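Hello,

Here is the structure for you to look at. Please open it beside this email and follow along.

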Amino acid sequence: MTESLSRAQARRIALAAQGFLDPRHTAPTMRTFARTLQRTGVLQVDSVNVLQRAHFMPLYSRMGPYDVELLRRAAERKPRRIVEYWAHVQAFMPVELWPHMRHRMDSYRAQRGKWGFTADETLEPRVLAAVRERGPVTARDLDEEFSRGPRAKDNWGWNWSEARKVLDYLFMVGDVAVAGRTPQFEVRYDLPERVLPADVLEAPTPTAAEAHKELVRRAAMSHGVATARCLADYYRLRQAPAPDRPSAQATVAELVEEGELVRVQVEGWSRPAYLHREARRPRKVSARALLSPFDPVVWERERTERLFDFRYRIEIYTPADKRVHGYYVLPFLLDDAIVARVDLKADRPGRVLVVKGAYAEPAAPLETAQELAEELRQLAGWLGLDDVVVEPRGDLAPGLSALV
C-alpha cells in the first residue's frame, strides 16, 4: 500500500533535507560548510550582484552569518573541495562528481558545445596551449591574441569574444576547468590537473547509467521527497532514455526496487512522489531565512507552489514597468512556511540594505514583520552594511519600516 503524506509533512521533509533542521553555529567552520553542501548538493552560480552573489546565499540561509572565505577556500585552495561545472546550471559541485560529469562532457563535445553557436575549431589547440603555458587565465587575457573583428550579434553569445567562446567550449567538454574568479567575477581557466585533486582525475569513469543513477540518488537526498521530474531536473538530467542509459523514471524505479526510494502519495500532487529512505521526518521545522532566487528550495517553480502554496517568478529579465514585486525578490521562510517576499538591494557606497518592496503572503502570521525585521538586520550585518531602509512599496512595508 502506498503511504500518503500531507502537504505539511512533505514540506517539512523537504526543508530538513535541504539543511534547515541543522543547528546553526556562532562561527560556521569548514565542517559546517561541508555538511551544508552535502544537503544542497550544488550551489548555483550567477553574475547578478545587486544583493550578494547567488552561490553565497544558500549557505547563509542555512548556516547564518559566515565568513565567505570558507567558500573561496573550498573552491580555490588545495585540496579543492568544490569545482564549477554545468551541474544544475553553472554551479559549484563537490569535486568527486567530476567523473560523473564526463558523459555530459562527451555529449557537449559531440554536439560542439551547448549554446547554439560554435567556437572556432581551428583556435582550440592554440587556446588550450596558451592555457597550458600561462594558466590560470581569463578570456580577457587571451582576447587580443585570439579574437579578431567585431563581435557578432546574431545569437545569444553575441557579446562573447572568440577567445571566450573557445574557452567556454573547452570548459564544457572538460579540457579546462575553472580555477577561480577575479574580483570582477571573470572566470579564470586552467588545466584540470592543476585544479582538481589527482585522485579525482584518476578515478574511473562510471558508465553513463551509473552516473545517471548517482545523480538521481543525490537529487533524492537533497529533495527528501520529490517527483521523478524534480529528481531529473536537480542535475538537469534528460528524462528520456538513450542507448547508454535508462530514462529518469526507469532509474527511479530501480532505486525503488533496491529500497533506496519509497513511492508515496503527497496531498495535492497529481504525480507519484518518491521519499528517500534516509529522509528525516520532523514534526516541526523552526527556520527563519531569506531564500535567494537561485536557492534549491525554489528552483522548480511547480514544486515550490505545490509545497508552499507560493507562486514565485524571477523578474530580473522583466521590464521594470511590468514587474509585480521587484527586480531581486527573496522569499522569506518562517518555520515551515513562506510567509513574505522582499525586493532587496545592497547600497554598498551608502552602507545600507534597501528594501525596495515588502509583501506579506495571505496566511502570514502576525509576527511576520518582526521576524523579517530581525532577519534583515542580521543580513545587513553579514553584508557589512550599517542600516536597513524600507521604501514604501508593498503591504508589509509600513510595519516593517517601523521595526527596523
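This is a predicted model: local features need pLDDT of at least 70, side-chain atom pairs count only at pLDDT 80 or more; totals for chains, interfaces and linings use all residues.

Residues are numbered from 1 along each chain as its sequence is written, and side-chain values use heavy atoms, with hydrogens and water left out.

Some terms. On a 1 Å grid over the protein atoms alone, a cavity is a set of points where a 1.4 Å probe fits but cannot get out. A pocket is an open set with protein on both sides within 12 Å along at least five of seven lines. Lining residues have an atom within 4 Å of a point.

**The second largest pocket**

The lining has 20 residues. H103, R104, S107, R238 and R245 lie nearest the centre. Which helix gives the most to this lining? It is α5, with five residues. Helices here are DSSP runs (H or I, at least four residues), numbered from the N terminus. α5 covers 102-110. α10 (208-223) also supplies at least two residues.

**The largest cavity**

The whole structure holds four cavities of 30 Å³ or more. The largest has a volume of about 90 Å³. Its lining includes W269, E300 and R306. α11 (228-234) and α13 (301-308) each supply at least two lining residues. α13 has the largest share, with three.

Best wishes

Note on methods:
Grid points are joined across faces, edges and corners, and a volume is the space filled by probe spheres set on the points.
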